[in-house]
Structure formats: structure tokens, C-alpha cells
Amino acid sequence: MVDSEIVVADRWIRLRADTCLDAAGRTIAPYYVMEPAEWISVLALNADGDAMLVEEYRHGAGVMALGTIGGAVDAGELPQDAAARELREETGCEASEIIDLGATWANFGNHTNRVHHFLARDCTQVAAQSLDAGELISVRVVPLAKAGEWLLQSFHQLTWYKAMQLLRWR
């Protein structure tokens, strides 16, 4: 990278425009890079082993969609703590066990963050939802084996696949 300039920085987005030199010495500019917070994706299972998915409107795609529990990791927060926090906020549940399934890059072509995948087992209701302003989330319980068919977002599907692989070997 030869140069970098912040184009937009507010509570929703941080975008920079880089000037890069590739291996052949060619200049690529502007090369836009998003700098979002780290994300978490949690596949939650209730005591019966069914998947607890969340349904909400996703404005970028313009769809109502089922997904895993998720959100941003706050500054100074550990991803596993963010997973427990988001589980409680979005469902009102706590898990007897939260298993780290590893992290993957959200989109390493132009994002700086990773998605941290988790499996939350034996989730039980301990409180009401505690949603952020602007969130409208419904919890849907579906059979675990079928949950992957309902997930439209790639990293939600990956969380499900990672969880299924772990559960098959336990």
C-alpha cells in the first residue's frame, strides 16, 4: 500500500480508499476497503437439540431471512463473550456450553474483519429479548438437520456446517 485515505467513518461504516502497487508494479487506485468490527455467528440449540434461528429483515438484500444469532464484537470484548451477549439479547437464552468453532474471513478481498463461529448447546430461556433500537427479531425453532436449508447467508451456512461436523464426531 502506497497511500490510504478514510472516505467515510461513522457508527455504521468505516471505508478507506487505498492506493496499492501490485507485484508487477502497477498502481491500483482507489482500492476500497471496509473496516467493520469482528462478527460472531452462533448456532444455538435448545435442550431438545433443535436449532434456534432468528428471523429479521435484511435491508441490503431486501428480504426477511432466517439466520444464526449474530452481531458485532464490541471494542475490547472477546468473541466468545459477544456470542453469549448476542444469544441473550436476541433470544433471551443462555447456553450451558458455548463452543468455539473457529474464525473465517468475512470477505478477505475488501474487508478487514473475521466471522467467529460458535455452537451454543442446551439453550434455555432466562429473560425476554433485549433488542437494539431498530431491531425486530423473531426466534424460530427448526430441526437441526434441516436448519442448513433455511440459511441464506453464506457465513450462517458455514456456522451450521462447522457445528454439524463437530456434532458428528462427538
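A salt bridge is taken here as a side-chain nitrogen of Lys or Arg within 4 Å of a carboxyl oxygen of Asp or Glu. The model is predicted, so local features need pLDDT of at least 70 and side-chain atom pairs count only at pLDDT 80 or more, while totals for chains, interfaces and linings use all residues. Residues are numbered from 1 along each chain as its sequence is written, and side-chain values use heavy atoms, with hydrogens and water left out.

**Exercise 1.** Determine how far apart E149 and K146 lie in helix α2, and how exposed each residue is.

*Solution.* Begin with the contact: the side chains of E149 and K146 form a salt bridge at 3.6 Å, N to O. Finally, E149 counts as exposed at 59% relative accessibility, whereas K146, at 42%, counts as partly exposed (buried means under 20% relative accessible area, exposed over 50%, partly exposed in between, with a 1.4 Å probe and protein chains only).

**Exercise 2.** Identify which parts of the chain are linked by the salt bridge between E35 and R14.

*Solution.* The closest N and O atoms of E35 and R14 are 2.4 Å apart. E35 sits in the loop between β3 and β4 (39–46) and R14 in strand β2, 21 residues apart, so that distant parts of the chain are linked. By accessibility, E35 at 22% is partly exposed, and R14 at 37% is also partly exposed.

Conventions:
Helix = DSSP H or I, 4+ residues; strand = E, 2+ residues; numbered from the N terminus.
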